[in-house]
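I opened this notebook to record what I looked up in the structure. The entries follow the order in which I consulted it.

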Amino acid sequence: MARLTPGSVDEAQALLAEGGRRVLFVGGGTAMPPGPPVDLEVATEKLNRVVEYAPADQVVTVECGVTLAQLQTELGKNGQRLALDPPQPEKATLGGIVASNSFGPLRTRYGSVRDLIIGVSIVRADGTRAKGGGKVVKTVAGFDLPKLMCGSWGTLAFIATATFRVHPVPEQTLTLCARGGDPLELVRRVRGMQLEPAAMMAVRERGGWDVYLRFEGFGAGVRAQRDKLRDLEESRWPAPETGAVRVRFGALPSHVSQVAKALGPLRARIEWLPTVGVGVASCASVDPSALQGARRELMALGGWLVADGDWGPAPASLPLQRSVKERLDPGGLLAPGRFLA
């Protein structure tokens, strides 16, 4: 297997245009699913330019190999940030974050990658370039290529550049914690008080839940929200767990107790976003039978679970996914065996 590191998008395009090789795109390696061997790995570490940044418009375009930490440093010079916080920002590249649809607790307020990406340029398996979206937040013309790339795991095209809308860095940040709290009851309480946390995450390791809330914004607004939750202690935001096995799952927020029961046999640390209904379970290793049991219980609730390339039963959308794959990569050369289609 060859591994090449193109120094420009033109070089990456030329590699794909040669054709006839099974190709895997490699960024920071923080979320790479397993799969069969390929003929060529295309590393993105040299594609690390901020292509265009308009602070007044709150829009930035970057090459796929830019790390999240690198971008945040650049945006921070103008008091701005990209409101994404997946684990390992010093390694995670923007191309990889889009391809794996990675997320963190800020999804509570700002949504996922799909909600922040507004444009993308790609190189198809045959070396043909294409682009979708634009440089403005409101764009409705054409096929929604940016969202299609989110969670595509490198199976549809090489993500060359991505354009995002960015937000101001908050003046003040405060974290509160309800130790041993009930995530569902705290969500109801926060909504009843019309509070707006930027992030809310429930963590479970051995016993009950510890529920963390992060308030951000102008100082006066943060203090006003804190005053409504005087019974909660101030705390540091917990560091993300980066275990060898990371299991993503989802269910209705109201099913939090059933989620805890279903995931119990995994003996994992659970990070659950209780307003969204998605989370990650992290552990050093996992018993396959325990994993399948957890999936069955979550699916019985209408939920889902995926882990390290194990996508579970084929969804009803599989024919549509295969149709899209056929159009963009008819030879099946890109990231073979690493996603459903």
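I looked up valine 120 and found it opposite alanine 162 in β9. β7 and β9 pair in the antiparallel sense over 6 bridges; two strands pair if DSSP finds at least two bridges between them. Helices (H or I, at least four residues) and strands (E, at least two) are DSSP runs, numbered from the N terminus. The model is predicted, so I note that local features need pLDDT of at least 70 and side-chain atom pairs count only at pLDDT 80 or more, while totals for chains, interfaces and linings use all residues. Residues are numbered from 1 along each chain as its sequence is written, and side-chain values use heavy atoms, with hydrogens and water left out.

Entry 2, the partner on the other side. I found that β7 and β8 pair in the antiparallel sense over 5 bridges, with isoleucine 122 opposite alanine 130 in β8. The two strands form a hairpin with 5 residues between them. In its turn, glycine 127 has a positive phi of about 90 degrees. I then checked burial (buried means under 20% relative accessible area, exposed over 50%, partly exposed in between, with a 1.4 Å probe and protein chains only). Strand β7 (residues 117-123) is largely enclosed by the rest of the structure, because 6 of its 7 residues are buried.

I traced an open sheet of 5 strands in the order β4-β5-β9-β7-β8, with antiparallel pairing. β4 (50-54) and β8 (129-133) are the edge strands, each pairing on one side only. The twist from one strand to the next averages 10 degrees. Strand β5 (residues 59-63) is joined to strand β9 (residues 158-165) by 5 bridges, and valine 59 stands opposite arginine 165 in β9.

I looked up helix α9 (residues 256-263) and helix α10 (residues 288-300), whose axes come within 8 Å and cross at roughly 160 degrees. Axes are lines fitted to C-alpha atoms, for helices over the stretch in contact, and angles run from 0 to 180 degrees between N-to-C directions. α9 is therefore roughly antiparallel to α10, a term for angles over 145 degrees. From α9, Val259, Lys261, Ala262 and Leu263 meet Ala294, Glu297 and Leu298 of α10; contact means heavy atoms within 4.5 Å. By class, this contact has 5 nonpolar, no polar and 2 charged residues (Ala, Val, Leu, Ile, Met, Phe, Trp, Tyr, Cys and Pro count as nonpolar, Asp, Glu, Lys and Arg as charged, and the others, Gly among them, as polar).

Most residues other than glycine have a negative phi. I noted tryptophan 153, with phi near 55 degrees, in the loop between α6 (145-149) and β9. Tryptophan 153 is buried, at a relative accessible area of 15%. Aspartate 308 has phi near 45 degrees and lies in the loop between β18 (304-307) and α11 (318-328). Aspartate 308 is partly exposed, at 42%.

Which residues does proline 87 contact, leaving aside its neighbours within four places in sequence? I found Ala92, Phe103, Pro240, Thr242 and Arg246. Proline 87 and proline 240 are 153 residues apart in sequence and 6.2 Å apart in space, C-alpha to C-alpha. Proline 87 lies in the loop between β6 (80-81) and α3 (94-100) and is buried, with a relative accessible area of 17%.

Methods:
Parallel < 35°, antiparallel > 145°, perpendicular 65-115°, else oblique.
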